[in-house]
Amino acid sequence: MRLWSKFYGKTTKVKDFTGREIAKGAYNNRNSEFGWNVDHILPQSRGGKTADYNLIICHISTNDEKTDKFPVFNANGKKFEILKVENHYEIREISKHDSEQQNEDNETNFYDSAYGVRLYKNLKGIQNKHRFVGSILIRFKNVHNTAIVDFIEQLFDNENLSYFSSSKSKETFLLFQNNNWEETRIIIRDYDMAKKEDIQNMLDKCILLNTYLGYYFKAVNCVDEYEIRFRVDYFENKTDMYKQSQNIDFKEINGEFGAPFFINDLVVVNTDANTKVKPTEKWIKFNYIFTNLAKNLEKEASK
């Protein structure tokens, strides 16, 4: 109520930043179409403080859609990004014009000889730059609904995915040809993780997947067991990257399913995981989740 008065004064009905209507008397009321609560602009999982400058009043549905996503999220059919402005963070809608302008900026023209030659020279100059490759190795025991694979494809929509399934220890590239496979394996790779932000974003997706698998997909019997391993590897140049990255697979990962989520040392040192665990061994247990999302998924699973 204090925040409502601070932001809206005596007004009793307003629209949140996505355009959803909220009413002063419907605080935390999920049974009301005008229900609202308070959200952290910069998620607490990212170090966001519980202070007025980092709090925003929004519709309960908006908060549920935003959860701990950072820096980009969708809510009420619109796309938003969280931007740092001086010493605080703000939410800004990504307009259609922004997307169209970005597409124009990225437009290529190989009929222009100057463009083609310039592109080739630029590419030739970066062949020996250092490369960081991210690999996510996912194992499932007894998948009962293949929609889980489609879900993962959507979550990692810009990455390279490979599938493996096994029945009686026989490996095959043909996914779900029959219903008797005991273990399904997925490899997801990102061959260009040039910035720490890229590694952090991939880690966030892994935490999202861990949350959904642990609090929804297992609860509704979509899968019996699972294991996620996210690793980052360093290569001197592009040639080494292509030759050696293909050797990052499931050779060392067999047997019983243990802890559901592991990361390696390069993930730890390049993300906020370094505030939670230390790189003491080859694989570090990292069974972290997005807590608000987990609570909502538990509710969904119980319906």
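I began with isoleucine 263 in this predicted model and looked up its contacts beyond four places in sequence, finding that isoleucine 263 touches Leu203, Phe230, Val268, Ala273, Val277, Lys282, Trp283, Ile284 and Phe286.

I then turned to the largest nonpolar core, which has 38 residues, and noted that Ile263 is listed with Ile136, Phe140, Ile148, Leu203, Leu213 and Phe230 as touching the most other members. The elements giving two or more residues to this core include strand E8 (131–143), helix H5 (147–155), strand E12 (223–235) and strand E13 (261–263), as well as H6 and H9. The largest share, nine residues, comes from H6. I also recorded a second, separate core of ten residues, with Ile22, Ala23, Phe34 and Trp36 among them.

Next I looked at how H6 (residues 196–217) meets H9 (residues 291–301), and found that the two helices pack at an angle of about 35 degrees with their axes 9 Å apart, in a right-handed crossing. From H6 the contact uses Leu208, Thr211, Tyr212, Tyr215 and Tyr216, and from H9 it uses Leu293, Ala294, Leu297, Glu298, Glu300 and Ala301. Sorting the residues of this contact, I have eight nonpolar, one polar and two charged.

My last entry concerns arginine 231, which is found in strand E12. I count arginine 231 as buried because its relative accessibility is 16%, under the 20% cut-off. The side chain of arginine 231 makes a polar contact with the side chain of aspartate 233, at 2.7 Å. Leaving aside neighbours within four places in sequence, I found arginine 231 in contact with Val133, Gly134, Ser135, Ile248, Asn264, Val267 and Trp283.

Note on methods:
Residues numbered from 1 in each chain as written. Predicted model: local features only at pLDDT ≥ 70, side-chain atom pairs only at ≥ 80, totals over all residues. Heavy atoms only, no water. Axes fitted to C-alpha atoms, helices over the stretch in contact; angles between N-to-C directions. Helix = DSSP H or I, 4+ residues; strand = E, 2+ residues; numbered from the N terminus. Left-handed = near helix turned anticlockwise from the far one by under 90°. Contact = heavy atoms within 4.5 Å. Nonpolar A, V, L, I, M, F, W, Y, C, P; charged D, E, K, R; others polar. Core = buried A, V, L, I, M, F, W, Y, C linked by side-chain atoms within 4.5 Å. Buried < 20%, exposed > 50% of the residue type's maximum accessible area, 1.4 Å probe, protein only. Polar contact = N/O pair within 3.5 Å; in protein donor to acceptor, adjacent residues only side chain to side chain.
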